[in-house]
Amino acid sequence: MTLHTFLTTSALALTMATAAAAQQTLVYCSEGSPEGFDPALYTSGTTFDAAGQAVYARLVEFKTGTTEVIPGLAESYDISEDGKTYTFHLRPGIKFQTTDFFTPTRDMTADDVIFSFMRQLDPENPFHDASGGTFEYFNAMSMPDLIESIEKVDDLTVAFKLTRPEAPFIANMAMDFASIMSKEYADQLLDAGTPDMLNQQPLGAGPFAFVAYQKDAVIRYRKHEGFYREGLPKLDNLIFAITPDASVRYQKLKAGECHVMPFPNPADVAAMKSEDGITVQEQEGLNVGYMAYNTQQPPFDNPKVRRALNMAMDKQAIIDVVFQGSGEIAKNPIPPTMWSYNDAVEDDAYDPEAAKAMLEAEGVTDLSMKVWAMPVQRPYNPNARRMAELIQADFEKVGVKAEIVSYEWGEYLDRSKDVDRDGAVLLGWTGDNGDPDNFLATLLSCDGVGGANRSQWCYQPFEDLIQKAKTLPTQADRAKLYEEAQVIFKEQAPWATIAHSKVFMPMRDEVQGYKVHPLGLHIFTEVSLEN
Amino acid sequence: MLKFFLARLLTFVPTFIGVTLISFAFIRVLPGDPIIVMAGERGLSEARYQELREQFGFDQPLIVQFWDYLTGILHGNLGMSYVTKKPVWDEFFALFPATVELSLCAIVIAICLGIPAGVIAAVNRGKFFDRALMSTALVGYSMPIFWWALLLIIVFSGNLGWTPVSGRIDLLYYFPDTTGFMLIDSLLSGQKGAFASAVDHLILPSIVLATIPLAVIARQTRSAMLEVLGEDYIRTARAKGLAPIRVSGLHALRNALIPVVTVIGLSVGVLLAGAILTETIFSWPGIGKWMVDSIYRRDYPVVQGGLLLIAGMVMIVNLIVDLLYGVINPKIRKR
């Protein structure tokens with residue numbers, strides 16, 4: 001080290017130490033750049049971390065580290081007897097952030113809530129097309145069909161009238177697309193002729209106020225002094241240092257250039273755990289990796305054939321090789337951390353001999369099939385090609401020849417939806433809102449055939465249960481129906497459920513109060529740094 | 001000289017049209033629909049898909065889409081990114097200075113080390129220095145950038161702690177972008193230590209990016225020098241009793257520079273290709289990473305506009321190289 005570098009580094013360290021004593025600044029080595037700062041326009045977790053969770057707040061929120069929905073900007077809500085009207089009672093005195101580009105003159109009211117949703121719902125709203133108008137989550141959660149009207153009862157009360165009872169509606173309100181924006185700020189942007197700035201300079205009522213973004217490099221935030229949760233956030237400054245490469249994130253964490261990093265390489269986790277000064281938190285992810293048969297094509301239209309193939313699959317080997325231990329065998333289509341998970345369901349045990357006999361009993365001999373391997377890496381499937389190879393070898397043992405096919409990701413998603421698709425598709429799902437409906441109805445309902453339901457499976461007894469569960473008001477009643485639905489799913493086996501992955505979050509020892517979020521969000525509201 | 005310049009400038013027109021067409025066709029030849037990629041596993045309804053197709057203009061015949069693109073370019077409009085919803089032009093120029101800064105440092109390192117290495121190797125042909133330098137150059141040329149960068153980070157940042165791991169400046173410093181060039185902005189900011197921090201952050205990425213051009217320049221200089229050193233006028237210069245350093249450093253090198261300058265010009269393309277990996281590893285916010293991300297996302301306007309602008313930059317650099325030939329060798333500009 002040269003003298004100059006030494007002196008500079010020492011001076012920096014001294015300055016940082018002095019600054020740290022007065023100000024708590026946490027550096028988070030994020031995995032990528034946000035696509036923008038309007039959480040309603042995007043669907044990626046990276047954008048939700050940088051915009052939805054840091055800057056904005058919602059009427060209801062997920063309790064940190066869980067999928068339990070708790071009051072947020074609304075201190076309470078009522079549901080009408082017919083389950084079609086949700087009335088939210090807003091907390092008085094909610095402050096929007098004061099920044100270099102906006103100073104609010106009033107507290108949050110029902111007008112802000114109505115604006116936040118109408119800009120997505122109403123094509124005539126001046127902000128509907130301001131930044132391209134692709135409100136994908138709002139559309140994907142069927143909000144345009146579901147919301148009949150949004151009415152201001154008084155300044156602090158707002159009523160959502162729905163076209164049908166929809167129990168997951170409350171969980172949807174905790175999602176990032178439901179972030180509440182300041183109408184006053186939006187009006188200012190509109191007057192200035194720059195409505196697209198809503199996507200570039202975000203302003204909300206969340207824990208941190210946006211300071212600056214240098215594209216692909218750094219995002220800076222500072223504490224929102226008027227945040228509605230007493231004593232929070234604990235940090236004075238939050239910095240996202242955008243670091244796309246996982247190995248480099250690890251080096252930065254080791255060197256103390258960042259305090260927290262997401263998405264470590266599975267191969268690095270063991271080394272991180274033994275590293276001085278680094279703690280690795282872990283939790284089961286809210287996801288499932290599966291292989292979907294095309295249940296409309298023989299012989300996969302026969303549940304016994306599907307179950308036989310499931311029995312031929314050595315899932316433990318897949319967990320060991322593909323997930324390198326960072327996963328667990330999936331037996332249900334929803335993850336174990338989700339309410340209504342039916343632990344009583346028994347998985348089809350790995351038994352190649354029995355599988356072979358079962359196939360022969362069903363008259364299936366010399367079966368050739370395709371196994372589709374995703375071209376991308378996902379938490380629910382870190383290496384689809386390797387997984388497909390293991391499945392191919394397992395199927396070979398029971399006399400089934402499997403050919404592995406793959407396509408470019410867009411093509412893969414498109415072709416795998418096809419009802420006439422040839423072969424079984426490896427895919428998966430990460431939950432959006434912690435509601436079982438988000439897995440069971442999205443991925444296995446009759447409506448999803450030819451779309452997100454890659455098994456093309458429409459089975460009325462299952463369908464009746466999940467549709468009824470949507471309309472019941474209490475979680476306990478809904479859970480019973482979902483538990484039954486999982487039993488039917490296992491009997492019918494439209495998928496081979498393969499794995500739920502674990503999520504690892506390495507961080508420096510001085511980071512206190514961080515909780516891994518099951519929805520994959522990275523939230524720093526309750527985090528502090530130990531001096 | 002002006003005639004020479006204008007003649008070279010005229011060749012820009014067909015190249016520009018060709019690049020426009022290729023950049024438009026290139027991204028569309030790749031399989032993968034941007035709307036499907038955008039929707040991901042979640043998917044979207046047929047009605048919504050058609051709505052978005054219409055919104056992005058994909059329902060129009062290709063020729064109409066190309067015409068819209070072409071007229072947009074002629075009006076200075078490269079379109080809006082499907083992803084960030086920001087003008088391609090703004091995004092490019094927000095990121096371009098970072099790539100230029102890194103590439104310039106890399107090329108300076110490559111030239112300052114590559115040419116002397118080539119000259120030393122040529123003068124010592126067949127001796128230890130020649131073999132050592134050329135073997136090192138071959139290793140440098142063959143080194144996978146990704147691996148090389150990680151190795152340097154682990155050794156110099158992780159183990160020795162001499163350099164920062166990644167980024168352009170320590171996060172402690174915060175000042176608005178004035179020029180986009182961190183070295184200049186850090187000086188303008190007046191913040192103590194900012195410039196030194198910016199320099200520290202440039203060291204490893206510049207070395208990594210310079211490695212391949214350095215090897216190429218060294219090898220090219222050596223072979224050009226060997227050719228020139230066998231010429232009659234060099235023998236004459238030696239016979240006149242000129243000092244060896246004057247013979248090889250002045251008489252031989254100047255004449256050997258033409259192919260070296262060509263290689264330096266061509267290295268700009270190599271630098272941009274290398275920048276893609278270097279920028280990703282060192283979290284360097286430049287256009288290399290921006291282009292790769294946009295290809296994965298099938299962000300047509302960014303890929304098209306980015307390719308066009310990068311091609312434009314390469315063309316300008318090659319024009320400068322052509323003009324330099326004239327400066328180095330007056331015979332060329334008279335042709």
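Modeller: Happy to! Let's start with the domains: the assignment for chain B gives domain 1 (23-77) and domain 2 (91-334). Keep in mind as you look that this is a predicted model. The C-alpha centres of domain 1 and domain 2 of chain B are 37 Å apart. Where the two meet, domain 1 of chain B brings 7 residues into contact with 8 residues of domain 2 of chain B. On the domain 1 side of that contact, helix 2 (12-29) and helix 3 (34-39) of chain B each supply at least two residues. Helix 2 of chain B gives the largest share of that side, with 3 residues. By type, the domain 1 side divides into 5 nonpolar, 2 polar and no charged residues.

Now let's zoom in on B:Trp284. You can find B:Trp284 in the loop between helix 12 (244-281) and helix 13 (287-296) of chain B. Is B:Trp284 buried or exposed? B:Trp284 has 25 other C-beta atoms within 10 Å, and because 20 or more is the cut-off for a buried residue, B:Trp284 counts as buried. Leaving out residues up to four places away in sequence, B:Trp284 touches B:Ala98, B:Leu102, B:Arg168, B:Pro205, B:Thr278 and B:Glu279.

In an unreviewed entry, UniProt annotates "transmembrane region" over residues 9-30, 92-120, 132-156, 194-217, 256-282 and 302-328 of chain B. We can check two of these spans against the model. Residues 9-30 of chain B are 91% helix and 0% strand, with the end C-alpha atoms 32 Å apart. Residues 302-328 of chain B are 100% helix and 0% strand, and there the end C-alpha atoms lie 38 Å apart.

Chain B also has a partner to consider. In the contact between the chains, 51 residues come from chain A and 44 residues from chain B. Several elements give two or more residues to the side of chain A that touches chain B, among them helix 1 (3-22), strand 9 (218-223) and helix 14 (409-416) of chain A. The largest share of that side, 7 residues, comes from helix 1 of chain A. The residues on the chain A side divide into 20 nonpolar, 17 polar and 14 charged.

Where pLDDT is low, the predicted coordinates should not be read in detail. For chain A as a whole, the average pLDDT is 92, and 95% of the residues score at least 70.

To finish, here is how chain A is organised. Chain A has domain 1 (23-243 + 509-527) and domain 2 (283-501). Their centres, taken over C-alpha atoms, are separated by 34 Å. Their contact takes 16 residues from domain 1 of chain A and 17 residues from domain 2 of chain A. On the domain 1 side, these residues divide into 11 nonpolar, 4 polar and 1 charged.

Definitions and conventions: Residues numbered from 1 in each chain as written. Chains lettered and ligands numbered in written order. Predicted model: local features only at pLDDT ≥ 70, side-chain atom pairs only at ≥ 80, totals over all residues. Helix = DSSP H or I, 4+ residues; strand = E, 2+ residues; numbered from the N terminus. Nonpolar A, V, L, I, M, F, W, Y, C, P; charged D, E, K, R; others polar. Domains from an automatic or database assignment. Buried ≥ 20, exposed ≤ 12 C-beta atoms within 10 Å, placed from the backbone. UniProt positions renumbered as here; feature names shortened; annotations may be inferred. pLDDT = per-residue confidence, 0-100.
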